[in-house]
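Trainee: Could we go through this one together, helix by helix and then residue by residue?

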Amino acid sequence: RERFLKILVLEMAKSGAAIDDERLLTLAKAFLEEGLLPTPAPDFLIPFFDIGLLYRSNGLVFVTHPYLESYLLAQALRADELLAEKYFDPDQKKFNYYAFDLFCEMGPADGLISRIANYSLNACKVADERYPSKHVYLDGAQKLIAMSSQRQLTSLSSGLMATAEKLERNDPDDGVRTEKQRILDTKRYVRSQVGSRAVERNEELPDEIKMEFETLDGLSRALALCATAVGAGSESLSGDKKVELSHLLLRVGAKFTDVWTRNRLRIDFQKMRNDVLSDDNVWAIVEEFGAEGDQFDNIRRELEMFIHGFELNAMIEPMGRTLSRICATAGVKVLEPVLQRTKASDPIEQVLRSAWMLEVNPEKGRDAFKAALENYNGTPLLRLVLASHLLWRVFWHHYKTAGGRHFVISAKRALRPLGMSPAPQKLEDARKGHRRK
């Protein structure tokens, strides 16, 4: 029955869709005839549905468990190298990352890995041609520098903390409840304004922007493929292939964060400030919220704070997501010798490599992280991203571990030049995996 399921999922993979009952019956008959098995095809198929391995919907047959389907597909593709290369073609519109992960764990052929490497290399070359300047974190972008000044960050964090305390306050007073609702309404309003002004894909975009999204598509897929291949294939690939993929992963990650951040910089937050914070608009919001006139200044202050907060999040998300992808997908301990042989070509790659090394070997990663920061002289915003990433990782993945303290030390080191440091109690909570209310 397992052999038949492999045939079934392979047939679905070839056709790119589920099959109907007629095609299922044909496959079962061919399978039984080849094996000289006496069971009638309809009787052979009944248990697959009775025990819940297969199910029908709108006249089509599906495998009930996605993991089982991907696992069997990965096994079936291992027996056909040419079909595997075709199925996992990185240029196709849709890509089965789940099956690819399992396939790499089982030991992919060198031909497929070379194809993934060539795709990633080409994505980087295209991006380099279109964006030949230094990484945006290194080219002195005034907007990023201004956003990460100590005054701006201290002001924002203080305002957000005060707002959070108001929202958490358990007070039955009507005035407190009204204020909470006003704050939530203000935040929702700003979120809708940010969403309406973000650069989104559509046919009416200028060619330059369309090309930018195409570049991001290529880099995004290359990042996912390289991270999955070297992470899932950490025990099945040759050492040279893993080193090649690791170098590519750093190169792709650095370029992806550059182009994605530049794309986010296209959002005109200053114009949004001018529009949203104008007297006429604030008065309109006061009326819309049903607030009293004396709340005008409070609402304007909250609007400004949330705009800054959303702007900061929009700018740091590309680097944060990239760090998370690399560390979560390829943070495998057995890759330490590979990372030792993987050399960064610029300060951004060095930072990515050091964060990756922290996942693989926290003690050595701490030293690599220190060296990367000493070699970095770009916008301070990166330090904020790194601290946030490290504290997130230690909270969710390294609490109560011997290596957790190296993440905390590194996060503090990242923030030190900004004149900031997480509260001692919050660091302790993160290290122990506790969430304070």
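Predicted model: local features only at pLDDT ≥ 70, side-chain atom pairs only at ≥ 80, totals over all residues.

Trainee: Is the crossing of H12 and H15 left-handed or right-handed?
Mentor: Residues are numbered from 1 along each chain as its sequence is written, and side-chain values use heavy atoms, with hydrogens and water left out. A crossing is left-handed if the near helix is turned anticlockwise from the far one by less than a right angle, and right-handed if clockwise. For H12 and H15, the crossing is right-handed.

Trainee: How are H12 and H15 oriented to each other?
Mentor: The axes of H12 (residues 239–264) and H15 (residues 296–330) come within 8 Å and cross at roughly 155 degrees; they are lines fitted to C-alpha atoms over the stretch in contact, with angles from 0 to 180 degrees between N-to-C directions. Angles under 35 degrees count as roughly parallel, over 145 as roughly antiparallel, 65 to 115 as roughly perpendicular and the rest as oblique. H12 and H15 are therefore roughly antiparallel.

Trainee: How do the residues of the contact of H12 with H15 divide?
Mentor: Contact means heavy atoms within 4.5 Å, and here it includes Phe256 and Trp260 of H12 and Met315 and Ile326 of H15. Ala, Val, Leu, Ile, Met, Phe, Trp, Tyr, Cys and Pro count as nonpolar, Asp, Glu, Lys and Arg as charged, and the others, Gly among them, as polar. The division is 9 nonpolar, 4 polar and 3 charged.

Trainee: How many helices and strands does the chain have?
Mentor: These elements are DSSP runs numbered from the N terminus: helices are H or I, at least four residues, and strands are E, at least two. The chain has 21 helices and 3 strands.

Trainee: Which helices do the buried residues of H4 pack against?
Mentor: Buried means under 20% relative accessible area, exposed over 50% and partly exposed in between, with a 1.4 Å probe and protein chains only. In H4 (residues 66–78), the buried residues are Ser70, Leu72, Leu73, Ala74, Ala76 and Leu77. They pack against H1, H5 and H6.

Trainee: How is H4 placed relative to H6?
Mentor: The two axes come within 8 Å and cross at roughly 50 degrees. By that angle, H4 is oblique to H6.

Trainee: Which residues does Ser354 contact, leaving aside its neighbours within four places in sequence?
Mentor: Ser354 sits in H17 (residues 347–360). With a relative accessible area of 1%, Ser354 is buried. Its contacts are Gly365, Ala368, Phe369 and Ala372.

Trainee: How far apart in space are Ala344 and Ala372?
Mentor: Ala344 is in the loop between H16 and H17 and is partly exposed, at 31% relative accessible area. In sequence, Ala344 and Ala372 are 28 residues apart. From C-alpha to C-alpha, the distance is 9.9 Å.

Trainee: And which residues does Leu25 contact, leaving aside its neighbours within four places in sequence?
Mentor: Leu25 belongs to H2 (residues 21–34) and counts as partly exposed at 27% relative accessibility. The residues in contact with Leu25 are Ala41, Pro42 and Leu45.

Conventions: Expected span 1.5 Å × (residues − 1).
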